[in-house]
Amino acid sequence: MSFHVYIAHAGFKDSPVDREQWLAAARGRPELVPLGTPEAACFALASDSAQRLSLDPHGLVHTQNPSRELVVVMFELAEVLGAGVYSEKLKRYSSPQDWEARTRSHRAQHQRHRAQLQRARRRTQLLWAAGALGVLLVCWLLPG
C-alpha cells in the first residue's frame with residue numbers, strides 16, 4: 001500500500017501551485033536535487049534519490065511514501081509557497097509530527113484490515129476443503 005502526500009494551497013482547484021514559484025523554492029533547497037532537465041518540475045532528496053517531489057499538471061506538488069526527512073522538507077517548502085501539506089484524502093497536516101502520528105495510525109489500521117481479510121479468506125478455503133472432503137466421503141460410503 002502506498003501513501004501520497006501533497007503540497008497545495010487551501011483552494012487547490014482554484015489556486016494551483018505556480019510552476020515558477022515551485023521551481024524557485026525547490027532549487028533553493030540544498031537537500032533537493034533536480035531530476036531530468038534543468039526545467040523539470042521533479043526533485044529528489046540528495047540523500048535518497050528514491051524520495052521524490054514533483055509538480056503535477058494540476059498544480060499539486062506530490063510524493064509517494066515519503067520519509068520523515070522528505071516530509072520535513074515539504075513543510076519548509078509549503079511555508080515558502082504559502083501552502084500546506086495534505087494527505088491523500090486532502091486533509092491538512094499541522095506538522096511533521098502530525099504526519100508521523102496519522103501515518104502510523106493509518107498503516108496500523110490498514111494492517112488490521114489486511115489481517116481480517118486473510119482470516120476470512122482462510123475460513124472460506126477451509127469451508128471449501130471441508131465441503132469437498134464431505135462430498136468424497138459421501139461418494140465413498142454410498143453403495144454404487
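Two strands count as paired if DSSP finds at least two bridges between them. The legends below apply this criterion to a predicted model.

**Figure 1. The pairing of strands β6 and β7.** Strand β6 covers residues 84-87 and is joined to β7 by 2 bridges. The two strands run antiparallel. Within this pair, V85 stands opposite Y93 of β7.

Figure 2. An open sheet is formed by 7 strands, in the order β2-β3-β4-β5-β1-β6-β7. Its pairing is antiparallel. Strands β2 (32-34) and β7 (92-93) are the edge strands, since each pairs on one side only. In general, the strands of a sheet pair through backbone hydrogen bonds.

**Figure 3. The largest pocket.** The largest pocket holds about 220 Å³ of space. Its lining consists of F3, H4, S87, E88, K89, K91, Y93, R102, T103, H106 and Q109. By class, the lining residues comprise 2 nonpolar, 5 polar and 4 charged. Helix α3 (residues 96-141) gives the most to this lining, with 4 residues. Y93, which stands opposite V85 in the strand pair of Figure 1, is one of the lining residues.

Methods: Residues are numbered from 1 along each chain as its sequence is written. This is a predicted model: local features need pLDDT of at least 70, side-chain atom pairs count only at pLDDT 80 or more; totals for chains, interfaces and linings use all residues. Side-chain values use heavy atoms; hydrogens and water are left out. On a 1 Å grid over the protein atoms alone, a cavity is a set of points where a 1.4 Å probe fits but cannot get out, and a pocket is an open set with protein on both sides within 12 Å along at least five of seven lines; lining residues have an atom within 4 Å of a point. Grid points are joined across faces, edges and corners, and a volume is the space filled by probe spheres set on the points. Ala, Val, Leu, Ile, Met, Phe, Trp, Tyr, Cys and Pro count as nonpolar, Asp, Glu, Lys and Arg as charged, and the others, Gly among them, as polar.
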